[in-house]
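The sequence and the structure are shown first.

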Amino acid sequence: ARYFSGVAEDGPASWQCTVRIANTTDICRAVAALDIDLGLVEGPSHVPGVDLQPWRTDELVIVGAPTSALAAAAARAPLGLPALRAATWLLREPSSGTRETTDQWLLPRLGRYARSIELGSSEAIKHAAAAGLGIACLSRWVVGDLLARGELRALPTRLGRLTRQCYWVRHPARVPTAASTAFMQLLAAAP
């Protein structure tokens with residue numbers, strides 16, 4: 001999740017913004033407290049006092065090191081529940097939108113994570129997966145660079161495809177600034 005805070009200096013043509021990364025809960029709390037203008041989050045908010053607006057759809061993929069035993073097995077046939085249950089899972093912290101989505105998708109099928117390692121950022125997780133420390137379920141946006149370079153491999157499974165809705169988060173009482181309006185227009189125009 002990301003948040004935005006911006007200041008227009010000389011009208012709408014001149015503005016500055018600050019972008020920081022935090023988990024979904026922290027972003028929604030900051031918006032609710034009027035500490036930031038706008039948040040971009042990967043899942044629903046459980047924080048009262050914020051408005052969520054659908055923004056983009058994101059695909060989550062299960063990834064691992066291309067040299068791992070699971071990658072070799074997945075090259076022969078999609079991974080089934082026994083292989084996924086036995087895997088070491090690299091996970092975000094519980095207040096993360098990514099963790100909430102993956103838990104909702106995986107835990108009803110797996111029962112629990114037999115082995116897991118929690119890390120505080122998706123960047124750390126993707127690099128840990130590329131180093132062979134385990135497998136992860138992450139945004140295709142996040143892992144696209146390592147997939148393209150062959151440092152990670154998407155692992156086909158029998159679980160099907162997982163997508164999630166991403167949202168803009170705003171406080172209903174905050175009047176959009178010229179900077180936040182310009183930033184939202186940039187994001188809306190991005191491919």
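Burial is expressed as relative accessible area, computed with a 1.4 Å probe on protein chains only: a residue is buried under 20%, exposed over 50%, and partly exposed in between. The model is predicted, so local features need pLDDT of at least 70 and side-chain atom pairs count only at pLDDT 80 or more, while totals for chains, interfaces and linings use all residues. Residues are numbered from 1 along each chain as its sequence is written, and side-chain values use heavy atoms, with hydrogens and water left out.

**Helix H1**

Helices (H or I, at least four residues) and strands (E, at least two) are DSSP runs, numbered from the N terminus. Helix H1 covers residues 24-32, and its buried residues are Thr24, Ile27, Cys28, Ala30 and Val31. Viewed down the axis of H1, these buried residues fall within an arc of 160 degrees, so they line one face of the helix; the arc is that of the directions from the helix axis to the C-beta atoms. At the start of H1, a side-chain oxygen of Asn23 comes to within 3.2 Å of the backbone nitrogen of Thr25. Leu34, which follows H1, has a positive phi, near 65 degrees.

**Salt bridges**

Side chains of opposite charge can pair when their charged atoms come close. A salt bridge is defined here as a side-chain nitrogen of Lys or Arg within 4 Å of a carboxyl oxygen of Asp or Glu. By this rule the count is 11 salt bridges. The table lists some of the pairs.

| Pair | Closest N to O distance |
|---|---|
| Arg174 and Asp37 | 3.1 Å |
| Glu151 and Arg149 | 2.7 Å |

Arg174 and Asp37 form a salt bridge. Arg174 lies in the loop between strand S9 (162-170) and helix H7 (178-189), and Asp37 in the loop between H1 and strand S3 (38-41), so the pair ties together parts that are 137 residues apart in sequence. Arg174 is partly exposed at 27% relative accessible area, whereas Asp37 is buried at 9%.

Arg99 is buried, with a relative accessible area of 11%, while Glu118 is partly exposed at 47%.

Glu151, the partner of Arg149, is partly exposed at 33% relative accessibility. Finally, a network of salt bridges links Glu59, Arg140 and Arg161.

Definitions and conventions
Polar contact = N/O pair within 3.5 Å; in protein donor to acceptor, adjacent residues only side chain to side chain.
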